[in-house]
Amino acid sequence: MIRQRLTELVTQAANEAQKLGKLPKVALPEVAVERPQNPEHGDYASSFPLKLARATGISSLTIAENIAQLIVPSPEIDTIAVAPPGFINFTLKSAWLTRQVDSILATGDSYGNIDLGQGNRVQLEFVSVNPTGPLHVGHGRGAILGSTLANILSATGYKVETEYYVNDAGNQMDAFYRSLYVRYQQCLGIDAEMPSDGYFGNYMIDLAREIIAEEGDRFLTLPRQEAVPQLGRLGVEKIIKQIRNDLELLGVSFDVWFSERSLYDNGQYQRAMSLLSEGGYIAKKEGATWFVSTSLGDDKDNVVVRSDGSPTYFASDIAYHYNKFLERKFDKVINIWGADHQGHISRMKAVVSALGIAPERLQIIISQMVTLRRGEELVRISKRSGDIITLRELVDEVGADACRFFFLSRSADSQMDFDIELAKKESADNPVYYVQYAHARLCSILRKAEGEVPEDVDFSALSLPEEWTLVRDMEAFPRAVRRAAAEYEPSIIASHLLQLCANFSAYYSAGMRAPERRVLCRDARLRAARLLLVDATRHVCLLYTSDAADELDGVDLGGRRII
């Protein structure tokens, strides 16, 4: 990668400057080379002199000048410039840039893949909603974050296993069982009262009616202590099936559906508790059993077994992570949790440490709240369910592609507004439509020129600044993938794709105004080079597939998907 090459050149020049006495012999900070926000500052820039100035007391501008003078000439570099207060800016040769078009097309579906993970096993757990009701909009955000991050990590050399943790044990399941039994009775004409901790959504009535249509009134003939769990488990199976189907609408699937109940049935809960007890992290007080997390830096101890002998959800989480790290032996575990779990991070890190696992092997991503709007109007309730906006309702109205792109338009740690009307709008104001339409234009150009492009193309014919901008965007794509993987931030890919499509649209629009700037111009040599540039741009866009683009232009997108 060019970025790595530039990093090496700056490092070598800094070492040479020390040998020549132009820099004091101090420990050199890490050299970083990044793409500048302003394209006028070049293709890449290094702020290394600014870091070194703090360690030496020498002017960062002087350091930058001394290093720049000693950078060995390289065939990729056109110019090296020093800019205040101490940046070293690199502009790449246009000939080198345009040659990257061939490289992109030759690499095929693996373009953007890098070996960052080196085969390390990563378990990515996300959504994991209690099977007590349908998915709502907020769950959709976590689902898209998780599935996209799994694609990114797979593209960067990790062996990824995605998992849905089914909370099928505990008090909430008991409340669900009892609630469903009451709705079942009521639908059969029996006067029964809902429990105070019950699930009151209209979907529970629909669920009861569905079971009655299939099973009749047979659960009324059973003793209550048998009917409630039998009916409840049947209800859970149906809810899980609905959750699976709703997620599949978004293109989200899981390698493993892991049962919380299995932690108790298979002995993992007891083994985890024994290990913590042996380490001195379990204490009895106030009639309950506690995890002594304060001994590991947490601000308070936490109950793992209540005074009535029932384990808490925290106890299940302990057993679950014991299973992940010590039984299934994942190198890294990533959990995507909702905003209401922010306070659980420190105690979970403490538990992992108590189990003898380096806490940094556990990464927890918090997916912040989603607010639904229709333009300026806040959407509060669902007409169908009466109490929540279901994910299926949103997908039915705006489509899966719009959901995926909108949920990735903001970083996971920021709250977001989801404007339903904007997501349906067929204009450049709608980012997903903008990307779809750009791709449709790319495909349309290639279809019109089908069979024209020779294998041997002279890319030196490309000379327009807009053409070099497109190549720069595509050349930087592997760097965007690396950064998205390193920061666990899929929105980086969405932003990069939007930028690429914006720059292509500017290029296309310029061609509409001036025939000599069009891709399908009369100059055969230039036309061939521009067609391959368009093909490479389309190839990178294939990382985001789009049903809507199919409808716009009759194009089968296929291809590998990250977003």
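Let me start with a group of rings: F126, Y164, F254 and W257 are linked into a cluster by ring pairs. Before going on, note that this is a predicted model.

The whole structure has 18 aromatic pairs. In the pair of F126 and F254, the ring centres lie 4.6 Å apart and the planes meet at 40 degrees, so the pair is tilted. The two residues come from distant parts of the chain, 128 residues apart. F126 sits in the loop between β5 (121–125) and α5, while F254 sits in the loop between α8 (224–249) and β7 (256–259).

The charged end of K285 is placed over the ring of W290, at 4.7 Å from its centre. R35 lies over the face of Y44, and here the distance to the ring centre is 5.8 Å.

Now the empty space. Rolling a probe the size of a water molecule over the atoms shows where such space is left. The largest pocket holds about 1300 Å³. It is lined by 43 residues, and those closest to its centre are V129, H136, H139, D340 and H341. Which elements give two or more residues to this lining? They are the helices α5 (137–155) and α11 (313–327), and the strands β11 (332–338) and β13 (370–374). Sorted by class, the lining has 19 nonpolar, 18 polar and 6 charged residues.

The second largest pocket has about 640 Å³ of space. Of its 21 lining residues, the closest to the centre are R35, P36, D473, A476 and Q499. The largest share, 5 residues, is from α19. By class, this lining divides into 5 nonpolar, 9 polar and 7 charged residues.

Staying with α19, this helix also contains H496. H496 has 11% relative accessibility and counts as buried. Between H496 and R374 there are 27 Å in space, C-alpha to C-alpha, and the two are 122 residues apart in sequence.

How many of the 8 residues of α14 are buried? In α14 (residues 400–407) the number is 7, so the helix is largely enclosed by the rest of the structure. The buried ones are D401, A402, C403, R404, F405, F406 and F407.

Last, a pair of strands. β3 (residues 77–83) and β4 (residues 87–92) pair in the antiparallel sense, over 6 bridges. With 3 residues between them, the two strands form a hairpin. Which residue of β4 stands opposite I77? That residue is L92. When you look at strands like these on the screen, remember one general point: in a regular strand the side chains alternate between the two faces of the sheet.

Key
Residues are numbered from 1 along each chain as its sequence is written. This is a predicted model: local features need pLDDT of at least 70, side-chain atom pairs count only at pLDDT 80 or more; totals for chains, interfaces and linings use all residues. Side-chain values use heavy atoms; hydrogens and water are left out. Two strands pair if DSSP finds at least two bridges between them. Helices (H or I, at least four residues) and strands (E, at least two) are DSSP runs, numbered from the N terminus. On a 1 Å grid over the protein atoms alone, a cavity is a set of points where a 1.4 Å probe fits but cannot get out, and a pocket is an open set with protein on both sides within 12 Å along at least five of seven lines; lining residues have an atom within 4 Å of a point. Grid points are joined across faces, edges and corners, and a volume is the space filled by probe spheres set on the points. Ala, Val, Leu, Ile, Met, Phe, Trp, Tyr, Cys and Pro count as nonpolar, Asp, Glu, Lys and Arg as charged, and the others, Gly among them, as polar. Buried means under 20% relative accessible area, exposed over 50%, partly exposed in between (1.4 Å probe, protein chains only). Rings of Phe, Tyr and Trp (its six-membered ring) pair if their centres lie within 6.5 Å; planes under 30 degrees apart count as stacked, over 60 as edge-to-face and the rest as tilted. A charge sits over a ring if NZ of Lys or CZ of Arg is within 6 Å of the ring centre and within 35 degrees of the ring normal.
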